[in-house]
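Let's take a walk through this one, starting at the ligand and then stepping over to a pair of helices. Keep the viewer open as you read.

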Amino acid sequence: AENGVNGSAEKKKVIILGGDGFCGWPTSLYLSDQGHDVVIVDNLSRRKIDLDLGCDSLTPISSPETRVQAWKEVSGKEIKFHNIDVAKEYDLLVQLIKDEKPDSIVHFAEQRAAPYSQKNAKTKRYTVDNNVGGSNNLCCAIIDADVDAHIVHLGTMGVYGYGTSGGEIPEGYIDVTLPGGREANILHPAHPGSVYHATKCMDAILWQFYQKNDQLRITDLHQGIVWGTNTPQTVLDERLINRFDYDGDYGTVLNRFLMQGAMGVPLTVYGTGGQTRGFIHVTDTAKCIELAINNPPATGDRVEIFNQIAETCRVRDVAELVAKLTGVEAKCIPNPRQEAAENELDVSNRKFCSLGLDPVTLDAEDGLFSEVTAIVTKYKSRCDPKMILPASFWNKARAEECADLD
Ligand code: NAD
């Protein structure tokens, strides 16, 4: 049975790993608002990385305790919060799953910045240990806790590699002819462009194995770059505000441009801006997660994979849109990343659309762009412009080329 947007009466118990983060917090509120019973797990590592880097969310985010208290006052609904490290506190994770007996576990709890993952040996090793260790722990914990919880994992479009497939990127699996002539439908080849993306490729292999070996039910969502900040739930109270990253490591491209536009500083386009990427608004991230939890694969089915994007767009075209909106010019700077200067990207997102998703796009007339600009303008006194430029370089050659950035 297919359960589309707002189409399901069945309410689920959902654990959200990483529920304090940029995607996890608005998703937790959305699911709670829809009547699901939400439990958040987060070790607050993202907040600690901000302290280490000397930056902060542009928006003033409240503590997890204040956030869930505010949500209770506003909605009457309870969200429990547990500070557990998914990669390191295995026994606590097993106990929580045994106690809560969730129908679904949404897994956002990873180090998610490609630049941060490329910064130095320490951040490379942390990203692999945290992300791959956490995903493996989750599978082991579901088996140990003896529950049939459906895993919904946030993967990335970056697992496919950009511009390597030469045609429309299907949803996770690809038809091939094997040596000897047998036709098969296999996982799309992995083509990571950073240590972070490599962890998502390794996750995908773990999901494939645990599905086959232990019949875990798993959905992997290959998400595009998320933009926006607020959702209908986070605007209900200032204490519910979502985080907004604008720094060189964690600020993702569209939000970074909107930030620069509001600050009146040039939009920094890396290289020629010819990179084509997938984009999705944060309200649609939350809707896609609900569609995924309402449509789990059956026991024994292979890993379900959805491409979670609204559209693809070339970075220089995104810059042009923001330049038009804000009157601030785009400026090309040397690329800190080792990547193709130009690529095409054609991606199928038919599965979510067939479940009723009607995603917001960048050129929509509903003012979402201006909404982000309004937020950024409101809090721009909190911005440290020095933090906006790239702070991590993919390799020595990239670092040398970027040496003069200031
Ligand atoms: P985020 O860093 O804001 O949130 C991740 C949360 O997980 C943080 O609150 C962090 O403290 C927590 N966390 C990390 N490691 C943990 C651990 N070991 N134990 C417990 N908690 C832990 O990132 P986000 O932007 O919300 O991304 C969430 C997921 O979505 C990530 O897996 C990311 O790869 C994926 N994703 C994000 C984007 C995007 O544009 N933001 C795009 C594609 C995919």
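**Around the ligand**

Sort the shell around the ligand by class and you get 12 nonpolar, nine polar and eight charged residues. Bear in mind that this is a predicted model.

So who sits where? Of the 29 residues around the ligand, the ones that come nearest are Cys 23, Asp 42, Asn 130, Tyr 196 and Lys 200.

Now look at the backbone. Val 226 has a backbone N or O atom 2.9 Å from an oxygen atom of the ligand. For Arg 46, a backbone N or O atom lies 3.0 Å from a ligand oxygen, and for Phe 108 the corresponding distance, again from a backbone N or O atom to an oxygen of the ligand, is 3.5 Å.

How much of the ligand does the protein bury? On its own the ligand would expose 830 Å², and the protein buries 97% of that. As for secondary structure, the elements giving two or more residues to the shell are the helices α2 (45-53) and α7 (195-214), along with the strands β5 (150-156) and β9 (225-227).

**A pair of helices**

Next, turn to helix α1 (residues 24-33) and helix α3 (residues 64-75). They pack at an angle of about 25°, and their axes are 12 Å apart. Angles under 35 degrees count as roughly parallel, so α1 and α3 are roughly parallel to each other. And the handedness? The α1 and α3 crossing is right-handed.

Notes: Residues numbered from 1 in each chain as written. Predicted model: local features only at pLDDT ≥ 70, side-chain atom pairs only at ≥ 80, totals over all residues. Heavy atoms only, no water. Near = heavy atom within 4 Å. Polar contact = N/O pair within 3.5 Å; in protein donor to acceptor, adjacent residues only side chain to side chain. Areas by Shrake-Rupley, 256 points an atom, 1.4 Å probe, with all protein chains shown as cover. Helix = DSSP H or I, 4+ residues; strand = E, 2+ residues; numbered from the N terminus. Nonpolar A, V, L, I, M, F, W, Y, C, P; charged D, E, K, R; others polar. Axes fitted to C-alpha atoms, helices over the stretch in contact; angles between N-to-C directions. Parallel < 35°, antiparallel > 145°, perpendicular 65-115°, else oblique. Left-handed = near helix turned anticlockwise from the far one by under 90°.
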